[in-house]
Amino acid sequence: MNLGWKHFLTTTHIRCPCVKCVNLKVFGVRIIRDHVYFNGIDQSYKNWTFHGEPWEATTNASRNVEEDDGHSRYTKLSALVKLYNLKAKHGMSDVCFTELLILQGDLLPEGNTIPTSMYEAKKTLCALGLSYEKMHACPNDCILYRKEYEDSTNCPTCGISRWKQGKDSILKEGVSAKVVWYFPPIPRFKRMFQSHETAKSLTWHAARKSIDG
């Protein structure tokens, strides 16, 4: 904390690098010291760019993200997307998801590059151009609340409410009962076409397929 504080002599608050705050919130040094002690520090935060350390030109988020040694069923990216799907399906909190990532990293061989925090996972996906959209959905999977249903409060198919029901059976207006995470395919295609070899494979049917009748 003292090392980070030396770079910010003109302010009384700096970003908190604990597991829960992941550099998204700012506090005084005493509160940050308590957070780090009780919550633990974000182990993926190795280059302290939020606390005065120079930014590295190449980050883990954009380096070798889809490399595979041929012995694993998943690449780093496919594993991360799979875990994100589980988060969305079961409504995991960010804190729960971070703890799951930490456990996953401990179970994998030493030296693995799986993110160990929600912050690091988001950084990885954003660096790849794999942004996502959150969409409200009917709990029975009838519709997505978009386009003509964007302002609807009940499903036109099954009639169930769009909003989440609390323990007191009162609807929490504004809190969706179900949220799906949509990964647009176009940014992924753009990234695939950045590779000359991959682009040749993707355009094979249009450019090189034999037309012999």
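**View 1. The length of helix α3 in this predicted model.** Helix α3 runs through residues 76-90, and its 15 residues, at 1.5 Å a residue, should span 21 Å, which agrees with the 21 Å that separates its end C-alpha atoms. Just after α3, G91 takes a positive phi of about 65°.

**View 2. The buried and exposed sides of α3.** Along this helix K76, L77, A79, L80, L83, Y84 and K87 are buried. These residues cover an arc of only 160° around the axis, which puts them on the same side of α3. Such a pattern can be understood from the geometry of an α-helix, which has 3.6 residues a turn, so that residues three or four places apart point the same way. On the face turned away from the buried side, α3 carries the exposed residues K89 and H90.

**View 3. The largest nonpolar core.** This core consists of 10 residues in all, namely L77, L80, L83, Y84, F97, L101, M118, A121, L125 and W181. Two or more of its residues come from each of the elements α3, α4 (94-107) and α5 (118-127), and the largest share, 4 residues, is that of α3.

View 4. With a relative accessibility of 44%, L171 counts as partly exposed. When residues up to four places away in sequence are not counted, L171 touches S161, W163, K164 and Q165. The C-alpha atoms of L171 and S161 are separated by 8.4 Å, and these two residues are 10 residues apart along the chain.

How values were computed: Residues numbered from 1 in each chain as written. Predicted model: local features only at pLDDT ≥ 70, side-chain atom pairs only at ≥ 80, totals over all residues. Heavy atoms only, no water. Expected span 1.5 Å × (residues − 1). Buried < 20%, exposed > 50% of the residue type's maximum accessible area, 1.4 Å probe, protein only. Arc of directions from axis to C-beta. Core = buried A, V, L, I, M, F, W, Y, C linked by side-chain atoms within 4.5 Å. Contact = heavy atoms within 4.5 Å.
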